[in-house]
Amino acid sequence: MRNAHRQSLSDTIIEHGPELSHPSQALSEEARRDSAPSADSTHSPRISPVVAAVNTLTARWCASQSDDDYVVSGAGVWPLLALLASAADEPASTELAEAIERPSDSAQRDALELVDILRSGSSTNAAVGIWARNGIPLRDEWTSQLPEGVFGQLTEQAPLDQWAADQTDGLIRRFPLDVSPQSKLVMASALVTRVQWRTPFDSYQRKRHDDDGDAPEQHWLDRTTPEIKTAAVLDGGVTRVVVEGDGDVDVHLLVGALPAGDVLSAGLRELAGEAQVDLASDFVGDAPGLTVKEVQASTPENQLRLRLPAFDINSRHDLLDYTDLFGLQSVTNPATSHLPLLSAVPLYVSRGAQSVLARFYSGGFEAAAVSAFALMPTGAPSRDRYAIKVAEVSFERPFGFLAVHRPSRLAVVAGWVCSPFDQSTVCSEVDLPSNCKGGLSKAVIEELKTKGYNQSQIAAMFGVTRQAVSWHLKTYDAQLSPRQIVNKSWPWQTTSGHGKSVPCRRLRDHGEYMATSGKGMSADALKRLRSWWRKLDDENLVVEFDPNLPPLAGLSPHGGFAYRVRRSHDADLLIRVNEHTRLTEEGARIWCWPIDFPRKQS
């Protein structure tokens with residue numbers, strides 16, 4: 001894979017020539033000598049301080065996510081944060097250094113080390129690009145420390161889209177940000193990993209437990225190997241299975257009766273040797289998803305029988321929803337500039353996004369991520385019988401995964417798989433709290449969450465949407481009505497005149513529906529809302545707001561709102577995210593298609 005990548009690299013990537021020397025080169029040579037998997041290792045693995053910092057950021061990011069399907073790449077965002085830290089003054093320098101857990105004075109070198117780790121792998125590759133508009137001079141003191149091929153001129157969207165496609169082998173074909181004329185500088189990273197399994201899986205179709213006859217069958221995978229040592233229990237509560245790739249990337253599958261973030265955290269701690277590891281070959285008993293027992297067999301090899309659903313997850317993240325996590329508090333302030341080493345023009349980070357995907361199938365695994373920030377001016381019969389151990393792991397409940405670069409122990413991507421499972425079946429034997437006779441409440445939700453149930457499962461118990469559970473928590477906690485909380489997540493600065501437009505009125509109804517599942521809304525309001533959803537679905541439209549849009553008779557008498565044809569980067573949102581949009585994490589769960597609406601375009 002790596003040779004193919006080298007041939008397709010564009011002018012705006014990091015190319016380390018022979019004259020350049022980075023701390024990661026020694027690591028890379030050692031990594032190339034060590035291609036054996038570490039799943040059955042009994043000694044603590046050695047990882048570089050940079051890899052440790054990246055994995056820590058990934059763990060913190062996973063802890064902030066819900067328990068639904070997602071994938072993130074802390075390894076994609078981290079080098080961009082490090083580059084910003086290397087150009088920042090106080091207090092931004094300290095904020096970013098705390099986020100990346102590395103000193104700001106070595107951050108630029110550390111960013112290059114991370115990229116070099118991925119570029120030196122046989123199953124991974126990475127690139128960084130920086131593009132600036134004419135008239136935005138970059139300071140020589142900062143740029144001289146970076147390879148020349150990193151820099152390019154910022155012109156239009158198409159070259160950035162092509163760059164994203166080139167650097168990810170076509171897995172991500174669109175740059176995560178739409179570049180506006182106001183964007184004066186863009187910095188981005190891209191990474192990709194592709195690997196074939198050493199032992200492929202058999203595949204078969206399987207119906208969901210809640211299948212009513214119309215739902216499509218799901219794609220499941222199954223295999224039996226002698227590699228029982230690749231299964232282990234971490235910290236007594238999380239089962240981990242390492243699926244080994246033919247190159248230098250493995251996928252660690254993780255399952256446990258804990259929230260998604262805690263399950264993934266155990267897997268990430270193990271990468272640094274900070275988790276207790278009990279190999280399945282060393283005990284007989286049960287653990288989450290795992291049963292180890294002794295049986296009589298005709299061959300002496302132990303067996304690992306593994307079963308799980310194939311998955312294909314795409315996520316898009318607004319990086320400015322995580323300003324505290326990423327240390328972006330000061331550099332995103334449009335009133336001040338904290339990047340004096342970057343340019344003489346005062347700049348601030350106006351937008352940030354990551355597009356990331358992960359696919360696990362019978363033959364292998366592939367993942368890619370493109371992360372970007374935009375800056376603006378301030379503002380196999382025998383008679384012999386053997387006693388062997390057979391471990392069987394069945395991922396029958398939501399589970400996590402890490403794609404791990406084996407030599408460095410870097411978590412390239414991390415994610416959670418929830419959608420293949422029938423949440424109501426998972427919850428069918430739940431002993432509901434005694435205080436639930438009055439229905440769903442904040443106390444009931446919190447008690448169920450302490451028992452390990454996620455919001456999707458709680459929603460299934462009470463026949464409401466997951467969004468309604470989230471809203472219920474916030475409403476009772478802050479004593480706000482659904483309308484009031486919708487207003488807090490409203491994505492634009494609109495006037496009373498804008499509020500008279502049809503899209504604006506229907507979006508507010510939509511927000512209330514997402515908060516209440518329609519309970520308490522009038523029949524007329526629900527009829528109008530469903531008719532509007534049908535229009536958006538039939539005509540494949542999204543709503544865009546721009547205060548400069550002229551009035552449209554019958555739609556937006558005071559301007560500002562318009563319908564646009566849906567594009568791939570709109571994902572499941574009902575709204576188009578542009579420079580006038582402030583989409584929070586909670587807003588992303590509101591301004592999207594409701595799960596109970598039967599879409600034609602899905």
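Tutor: Contact here means heavy atoms within 4.5 Å. This is a predicted model, where local features need pLDDT of at least 70, side-chain atom pairs count only at pLDDT 80 or more, and totals for chains, interfaces and linings use all residues. Residues are numbered from 1 along each chain as its sequence is written, and side-chain values use heavy atoms, with hydrogens and water left out.

Student: Which residues is Ser-355 in contact with, leaving aside neighbours within four places in sequence?

Tutor: Ile-172, Pro-176, Ser-315, Arg-316, Ala-368, Ala-369 and Val-370.

Student: And where does Ser-355 lie?

Tutor: In strand S15, residues 347–360. Helices (H or I, at least four residues) and strands (E, at least two) are DSSP runs, numbered from the N terminus.

Student: Is Ser-355 buried or exposed?

Tutor: Ser-355 is buried, at a relative accessible area of 14%. Buried means under 20% relative accessible area, exposed over 50%, and partly exposed in between (1.4 Å probe, protein chains only).

Student: New topic. What about Val-50, buried or exposed?

Tutor: Buried, with a relative accessible area of 1%. Val-50 sits in helix H3, residues 49–63.

Student: What does Val-50 touch, not counting residues up to four places away in sequence?

Tutor: Trp-78, Arg-102, Asp-110, Glu-113 and Leu-114. Val-50 and Leu-114 are 64 residues apart in sequence, and their C-alpha atoms are 6.9 Å apart in space.

Student: Backbone next. What is the phi of Asp-169?

Tutor: Positive, about 55 degrees, although Asp-169 is not a glycine. Asp-169 is in the loop between helix H8 (157–167) and strand S4 (185–196).
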